[in-house]
Structures are given as C-alpha cells and as structure tokens.
Amino acid sequence: MSLSRGSPDIDDAAQLIEPDADPDSGAGRRRSFRGLPPLSLPLTGVVVYAGIRLVSVAIIAFMLGHGRYRRRHWSLLQWIGSSDGRHYRDIAAHGYAYPPGQLAHASVFSWFPGYPAAIDALAWLPWITLVTASLIVTAAAGMAAAWGLTRLGLKLTGDARVSLLLVAIWAVAPGSTVLAMTYAEALFCALAVWALFALASGRWLTAGLLTLAAGTVRSTALALVLTISTAAAITVTRAVRTRQPFAAWWRPLAGTLLAPLGLLGYLGYVAVATHRLDGWFWVEKNSYHMVFDWGTSLLREARFTVLDTPSVAQVLLIAAIAAAVVLALWSLTERIPVYLHVYTVVVVILAVATSANWISSKPRFLLPAVLLALPVARLLAPLRTAVLVPLIGVLTVATTWFGLYLTVIQRWAP
C-alpha cells in the first residue's frame with residue numbers, strides 16, 4: 001500500500017484490517033486479532049523488543065560463564081561497556097580534551113557528542129554512575145525506537161501484525177547485540193525512526209529537529225538529511241507547479257534547512273579543533289583507516305571469503321552484509337514513498353562502501369536501515385503465531401551468539 005493514499009492509524013492492537021480490504025475506503029471489515037495481547041499496538045511493540053533484548057542478555061550472561069567464553073574471563077558488565085562504550089563514557093566525563101595537531105589524541109573526535117551528552121545529563125545525579133546512565137539511555141532509546149517503528153510500520157502498511165514483525169526482525173538483526181551495550185546505535189535509531197515517522201506524517205519541522213539531533217549522534221544522519229531533502233523537493237516542486245501560496249509549503253523548506261545543522265555543527269567543531277577543514281574525515285582516515293572507497297575493499301574481502309580459506313567469522317559477516325544488500329534491493333519493491341527508499345539505500349551504501357578493515361562493525365552500521373525488515377515482515381506475516389514465536393526465538397539465539405562470538409572469541413569490535 002502506498003503511504004500517499006493515507007493509511008489509518010490503529011491504536012487498538014486487538015483490531016487488524018482484513019488483508020483484502022481497502023482501509024481507505026471505509027468498507028473494510030475489522031476482526032479480532034487474537035495473536036496480540038490487549039495492549040495498544042506501540043506498547044506491544046515495546047514489549048516485543050524488550051522481551052527479545054532481555055532474552056538476548058540472559059543468553060549472553062549464560063554463555064560468558066561457560067566453555068571457551070568463560071576462559072576469556074569476561075563479565076556481563078564488562079561486555080556491556082566494552083569497545084566504543086569506554087570512549088563514550090570518557091567523553092561524557094571529560095569532554096573532547098585535545099592538543100591540536102596530535103593525531104593520537106585526535107581519535108577522540110571519531111565519536112559524536114550526542115550520546116555522551118545524554119549520558120552526562122543523567123550521570124550528574126549522585127546515585128547514577130556513567131555506566132548506569134549509559135544503560136538507561138540505551139534501554140530507553142531502544143524502547144523509543146521500537147515504539148516509533150511500530151507506528152511507522154502501521155502507517156506504511158495498515159497491518160498490525162506486519163508492524164510488530166518489523167520490530168521483532170529489527171531487534172534480532174545481525175549486530176543487534178549493541179542495542180544492549182553502551183553504544184550510540186539505539187539512540188540514533190530512535191531519532192531516525194521518529195524522524196521518518198514525522199516526515200511520513202507531514203510534520204516537517206519535527207522531522208528536521210529530530211534529524212538535527214541525530215546529526216550529533218552518528219554520521220549516518222546524512223541519510224536522514226538526504227531523505228528530508230528528497231521529500232521536500234518533491235513537495236515544493238508539486239506546490240510550485242500547482243501555484244500554491246508560500247504559506248502552504250514553507251515548512252518543507254524549513255525542515256530541510258534544520259536537518260543538516262547537527263551534523264554540520266559537529267563537523268565544523270572538529271574542523272576548528274583540529275585546524276583542518278576536513279578534520280573529522282582526517283581523523284577517520286588516519287586513526288582508523290576509514291574512508292569511502294566505493295566498496296572496493298569489501299569486494300576484495302568477499303572474494304577472499306569465497307575463493308580462499310576464510311574464518312567462520314568472515315563467512316558469517318560477508319553473509320550478513322550480502323543479505324542486507326539483497327534486502328535493500330528487495331525493499332525497493334515495497335509501495336512506500338520514494339524518500340523512504342532513499343533513506344534505506346543511503347544507509348546501506350554508507351555501510352558497505354566504506355573501508356572493510358572494520359568489517360565486523362558493518363552489521364551495526366546497517367541497524368538504522370530499519371525498513372530492510374519490511375519485506376521479510378510481509379513474508380512472515382501469514383505464518384501462525386505458534387510458528388513465529390519459536391522462529392524469532394531461534395533468530396534471537398543465533399544473532400546473540402554471532403555478536404558475542406565476534407566480540408569475545410574473535411576479539412573484533414562490534
């Protein structure tokens with residue numbers, strides 16, 4: 001169903017539009033949907049997400065105490081706060097302390113300030129540590145993302161079952177273990193999902209402000225900026241052709257102008273701090289060898305995986321990335337507004353077309369592409385709940401093991 005036709009917003013999860021009915025015609029019958037609890041649909045989505053995360057964390061706690069994982073001597077709290085989490089907490093505590101010109105210290109600018117700022121906003125309370133504040137922000141942001149994704153799915157499809165499956169599939173995606181760690185992904189996904197929902201609802205200023213905030217969290221906000229620009233260009237062009245007054249279309253222009261300010265503001269800050277116009281890109285290239293190479297290094301890695309003797313981890317990572325590319329192409333068949341396709345495609349391109357030396361992080365970079373799950377959700381929707389629940393459970397176990405294996409056994413950054 002095309003969003004442009006106007007999908008209904010269903011707040012009662014006990015109701016579902018019949019698959020063959022046109023929800024816009026008013027003639028579609030509604031029937032009881034017994035597979036869902038009697039909660040509002042967004043709250044049900046939050047419960048689904050929280051349940052998956054709790055099961056995933058329980059699996060991790062169990063695995064860390066057994067077998068090869070036990071010999072690594074990792075605690076659950078150590079895993080939750082590992083890798084990028086340490087850098088975010090340091091920034092929350094000390095800010096961006098940096099002597100200009102010293103590359104070793106300039107690496108701190110790789111991490112955007114939005115997530116540390118949210119941590120610091122809570123950590124000033126005497127009984128909340130930085131780790132606790134990080135977990136609160138991550139947990140709250142993940143549930144906010146699930147709430148928004150449920151509403152976005154319903155607006156796009158008018159189908160409560162598909163909307164909940166959209167949340168569940170996103171929650172078990174490869175790389176989803178970082179949604180339980182002190183990483184910025186949950187916060188970025190929450191801002192991105194709500195920005196997309198605001199845009200789909202015609203709330204241009206809200207979408208612009210949320211994108212502005214997302215630009216302080218991750219560079220992937222570029223995808224949101226391009227999405228709003230595309231949607232605004234379509235709207236303004238149509239308004240000009242139909243000679244609508246300026247009062248009818250100034251909001252798309254304002255939203256477009258607001259959207260990039262967070263991202264540009266941080267890039268400008270790094271440029272001033274490093275005395276280089278390309279400061280952030282210089283840090284990424286020289287500290288972490290991250291450059292936009294149009295995917296050539298990833299193609300070399302894929303060639304090695306197929307033709308030589310790769311490790312299990314390399315095979316799994318290439319498979320996950322290839323699946324995301326296939327899903328991106330598949331998602332283009334969905335009858336949703338073109339600007340949402342722009343968002344998904346740009347997120348995938350940003351993830352796969354950068355250096356492959358941090359290939360283990362690419363599933364995490366793909367998490368914001370939430371609509372990759374839409375065609376899969378439609379495919380699974382006809383299955384009975386008695387089949388879907390075990391299936392989601394198996395996927396939860398598989399992707400949890402995948403994330404923990406990369407971090408603890410392979411010692412790769414998630």
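Author: Let us start with the second largest pocket, which has a volume of about 610 Å³. A pocket is, on a 1 Å grid over the protein atoms alone, an open set of points with protein on both sides within 12 Å along at least five of seven lines, whereas a cavity is a set of points where a 1.4 Å probe fits but cannot get out; lining residues have an atom within 4 Å of a point. Grid points are joined across faces, edges and corners, and a volume is the space filled by probe spheres set on the points. The model is predicted, so local features need pLDDT of at least 70 and side-chain atom pairs count only at pLDDT 80 or more, while totals for chains, interfaces and linings use all residues. Residues are numbered from 1 along each chain as its sequence is written, and side-chain values use heavy atoms, with hydrogens and water left out.

Reader: Which residues lie nearest the centre of the second largest pocket, and which helices supply at least two residues of its lining?

Author: Of the 24 lining residues, Val 172, Ala 173, Pro 174, Ala 323 and Leu 327 lie nearest the centre. Helices H8 (160-171), H16 (312-331), H19 (374-380) and H20 (385-409) each supply at least two lining residues, and H16 gives the most, with six. Helices (H or I, at least four residues) and strands (E, at least two) are DSSP runs, numbered from the N terminus. The lining divides into 23 nonpolar residues, one polar and no charged, where Ala, Val, Leu, Ile, Met, Phe, Trp, Tyr, Cys and Pro count as nonpolar, Asp, Glu, Lys and Arg as charged, and the others, Gly among them, as polar.

Reader: How do the residues of the lining of the largest pocket divide?

Author: That lining holds 20 nonpolar, seven polar and five charged residues, around about 900 Å³ of space. Among its 32 residues, Arg 218, Ser 219, Trp 280, Glu 284 and Met 290 lie nearest the centre of the largest pocket.

Reader: How should I read the packing of H6 and H7?

Author: Two packed helices are described by the angle between their axes and the distance between the axes. Axes are lines fitted to C-alpha atoms, for helices over the stretch in contact, and angles run from 0 to 180 degrees between N-to-C directions. Here H6 (residues 114-123) and H7 (residues 130-157) pack at about 120 degrees, with their axes 8 Å apart.

Reader: Is Thr 235 buried, exposed or partly exposed, and what is it in contact with?

Author: Thr 235, found in helix H11 (residues 221-241), is partly exposed, with a relative accessible area of 24%. Buried means under 20% relative accessible area, exposed over 50%, and partly exposed in between (1.4 Å probe, protein chains only). Leaving aside neighbours within four places in sequence, Thr 235 is in contact (heavy atoms within 4.5 Å) with Trp 204 and Pro 252.
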